[in-house]
Amino acid sequence: MGDSLLSAHAARNRELWDHFAADYQKKHGGQLAKAGAWGVWQLPESQLRVLGDVSGRDVLELGCGAAQWSIALHGLGARVTALDNSERQLEHARVLMAAAAADFTLVHASAESTGLANESFDLVFCDHGGMTYGDLYRTVPEAARLLRIGGLLAFSMHTPILDMAWPFGSDHPSDCLAVDYWDLHTLEEPGEAVAFQLPYGTWIRLFRDNELVVEDLLELRPPADARSSYRDDLDRAWARRWPMEHIWRVHRSSTRSPRS
Ligand SMILES: C[S@@+](CC[C@H](N)C(=O)[O-])C[C@H]1O[C@@H](n2cnc3c(N)ncnc32)[C@H](O)[C@@H]1O
């Protein structure tokens, strides 16, 4: 996608993720190689059963990184398209795809404006991807546009509770609330990628306004012995008390509203 079509925060995130990509894959590639597991604590899809049977389905990953998830789903028979806003991340994806002899389409674009065709996917998903780092007032309508009627949108991200409890500039969440709930939208810190979040009621209304029906909100609790390349023991103790990550599971309504 040409830079002129990118939103300002997507352009900033592209620059930052291009910069982070090599270190990110070096630090987390080992954990991510255990593909088919969700979030920083790697809770297995085989237990959570978020995506269902992907065989023969048209699947889009929004913010694929090095495409470990997409390679796994391709191996299960999905027709995969994997998109990322960072060309450096997609370079890592090409290396892993070649190693796995997995051939599918990679797209360099923002999840806010993919350039892909209307109603062309049965499943749109990501694991801390474009739905975290794109403006939700753009990414949710875009994902809804891409889904066929009845199709599933599923994505993991931080919870509003975590974002409220994480003081700016700190390495860890605290047990006090530090960020105002009502203002949740854009989360910006110097040197960090811009992330997005919403109050719970606003999430529900945004889904509803885009003809998406909530099926589930899976709040992820790591096991007591969980290990992560992203988080330490303090963070695990926090996540054992409060939800750190969750997965929205919503489907495209089978009826269209009169206005569409
Ligand atoms: C934390 S990584 C997660 C990637 C992958 N799911 C993983 O577990 O490694 C976030 C990814 O989102 C991508 N990203 C950031 N902003 C994006 C946007 N607006 N659209 C699509 N992808 C984006 C980044 O380039 C990065 O690859």
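Which polar backbone atom is 3.5 Å from a nitrogen atom of the ligand? I looked this up and found a polar backbone atom of Asn 85 at that distance, taking a polar contact as a pair of N or O atoms within 3.5 Å, where within protein one must be able to donate a hydrogen and the other to accept it, and residues adjacent in sequence count only if both atoms are side-chain atoms.

I note that this is a predicted model, in which local features need pLDDT of at least 70 and side-chain atom pairs count only at pLDDT 80 or more, while totals for chains, interfaces and linings use all residues. Residues are numbered from 1 along each chain as its sequence is written, and side-chain values use heavy atoms, with hydrogens and water left out.

Ligand entry. I listed 20 residues around the ligand, the closest being Tyr 24, Asp 84, Gln 89, Ala 111 and Asp 127 (a residue is near a molecule if one of its heavy atoms lies within 4 Å of it). For Asp 84, I found a polar side-chain atom 2.6 Å from an oxygen atom of the ligand, and for Asp 127 a backbone N or O atom 2.9 Å from a ligand nitrogen atom. The protein covers 97% of the 590 Å² of accessible area that the ligand has on its own (Shrake-Rupley method, 1.4 Å probe). Two or more residues of the shell come from each of helix 1 (8-32), strand 4 (79-84) and helix 5 (130-133), and helix 1 gives the largest share, three residues; helices (H or I, at least four residues) and strands (E, at least two) are DSSP runs numbered from the N terminus.

Pocket entry. I next turned to the second largest pocket, which holds about 190 Å³ of space; a pocket is an open set of points on a 1 Å grid over the protein atoms alone, where a 1.4 Å probe fits, with protein on both sides within 12 Å along at least five of seven lines, and lining residues have an atom within 4 Å of a point. Its lining includes Trp 69, Ala 72 and Leu 73, and helix 3 (68-75), like helix 2 (45-48), supplies at least two lining residues, with helix 3 giving the most, three.

Asp 58 entry. I placed Asp 58 in strand 3 (residues 58-62) and recorded that Asp 58 is buried, with a relative accessible area of 15% (buried means under 20%). The side chain of Asp 58 makes a polar contact with the side chain of Arg 148 at 3.0 Å.

How values were computed:
Points joined across faces, edges and corners; volume = space filled by probe spheres on them. Buried < 20%, exposed > 50% of the residue type's maximum accessible area, 1.4 Å probe, protein only.
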